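Subject: Structure handover, salt bridges

Hello,

Here is the structure I said I would pass on. My notes on its salt bridges follow below it.

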Amino acid sequence: MPDPPADPAPGADPGSAPDLPALGIHRIPVPIPFPQAGGPVNAYAVEDEDGGLLLVDAGYGSDEATAALSEGVRALGRGFGEVRRILVTHGHVDHYGGVRFVEERSGRELPVFGHPADVPKMAEAGWRWKDIAPGYAAHLRRLGAPPEALAAIAAEGERGFRARRIREVRPIEEGARLRTRHLELEVLHMPGHTPGLVCLLDRRHGVLFSNDHLLERISPNPLIELGPDGSDGFFRPLVAYMQSLSRTRELPVQLVLPGHGPPFAGHRQVIDTLRVFYRRRQERILAALEAGPRSPFEIAGVLFKQLRPGDAFLVLSEVIANLEVLEVQGAVAREERDGVRRYRAVGKSGR
Ligand SMILES: [Zn+2]
Ligand SMILES: [Zn+2]
């Protein structure tokens, strides 16, 4: 499975890091209340072709967050009235929650772009928690989650869906290009962290806006994603993520501009570390199955010793995502009994 270390892709010159302000890129860190996300979220103000600004993500919608965004734009000697368009990289509230605020301060209706697969989570006309909550509850019960974990997950889900949604999201897809004053940004669809996550790549300068697809120090959480009717199998986040990572590894990138934390170089090394991290986790899951079949919740209890109910969704998501990878590899198989799904290790002879 591991690829041999590749030489730098054509176009990448590892010797010189791009000068961001010279490329018209300004990072604005915005505080958020989710410690597990990896620190403040970044909004990027990019100098646009016509002298205006393109915003890549708009941060979170709290008073503290919007104040930080306002101050960041003001520090550039700019105002929200100069924002011409917004691109939302994926449908998580820390990345789109500030859109309505920016639009109101700009004084007009701004074009806001996002990938169709994430639109239901961020658009005004999208899914509501009350509509999808029963499907999630049923699914999590099937994964073995007890009532107290379900209650905590419901509270967390409701909180995540409370944000102000985007008035209208215009679809943007793989291969689309956004030309700014200094950049030619290519839209790359990189499903994994969410189904509709997009990165932006300027090949000439080797700059990748990676948002939560690639962070320097933390692995993006592969979250359970169900269809609107609560059906699973609609999206396997970690299976998709590993494919997107392989694609990212080959890109001509000199500098990664992440969704959280400062810019960093060495994307291939970060990706290789992530691959090792997930492989180890999968080995631990297989070890937990040596004693016999277990539900994903039982596996979570073995892997994460002090499991708080509030962590149940993240942890269950992590376990099920890795089980899906093992399932694709033929290393585990599932069975369902009494409404609970259990996984068992498949011996080499049984493949
Ligand atoms: Zn995210
Ligand atoms: Zn994020």
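A residue is called buried when its relative accessible area is under 20%, exposed when it is over 50%, and partly exposed in between. The model is predicted, and the notes should be read with that in mind.

In total, the structure holds 27 salt bridges.

R337 has a relative accessible area of 47%, so it counts as partly exposed. E335 is also partly exposed, because its value is 27%.

R281 and E318 meet through their side chains in another salt bridge, at 2.9 Å from N to O. This pair links distant parts of the chain: R281 sits in helix α8 (residues 267-288) and E318 in helix α10 (residues 312-328), 37 residues apart. R281 is buried, with a relative accessible area of 13%. E318 is buried as well, at 6%.

A further salt bridge joins the side chains of D50 and R84, at 3.0 Å from N to O. Here too distant parts of the chain are linked, since D50 lies in the loop between β2 (41-47) and β3 (53-56), while R84 belongs to strand β4 (residues 83-87), 34 residues away. R84 is partly exposed, with a relative accessible area of 30%.

Finally, a network of salt bridges links E49, R177, R179, E184, E186 and R203.

Regards

Conventions: Residues are numbered from 1 along each chain as its sequence is written. Chains are lettered from A and ligands numbered from 1 in the order in which they are written. This is a predicted model: local features need pLDDT of at least 70, side-chain atom pairs count only at pLDDT 80 or more; totals for chains, interfaces and linings use all residues. Side-chain values use heavy atoms; hydrogens and water are left out. A salt bridge is a side-chain nitrogen of Lys or Arg within 4 Å of a carboxyl oxygen of Asp or Glu. Helices (H or I, at least four residues) and strands (E, at least two) are DSSP runs, numbered from the N terminus. Buried means under 20% relative accessible area, exposed over 50%, partly exposed in between (1.4 Å probe, protein chains only).
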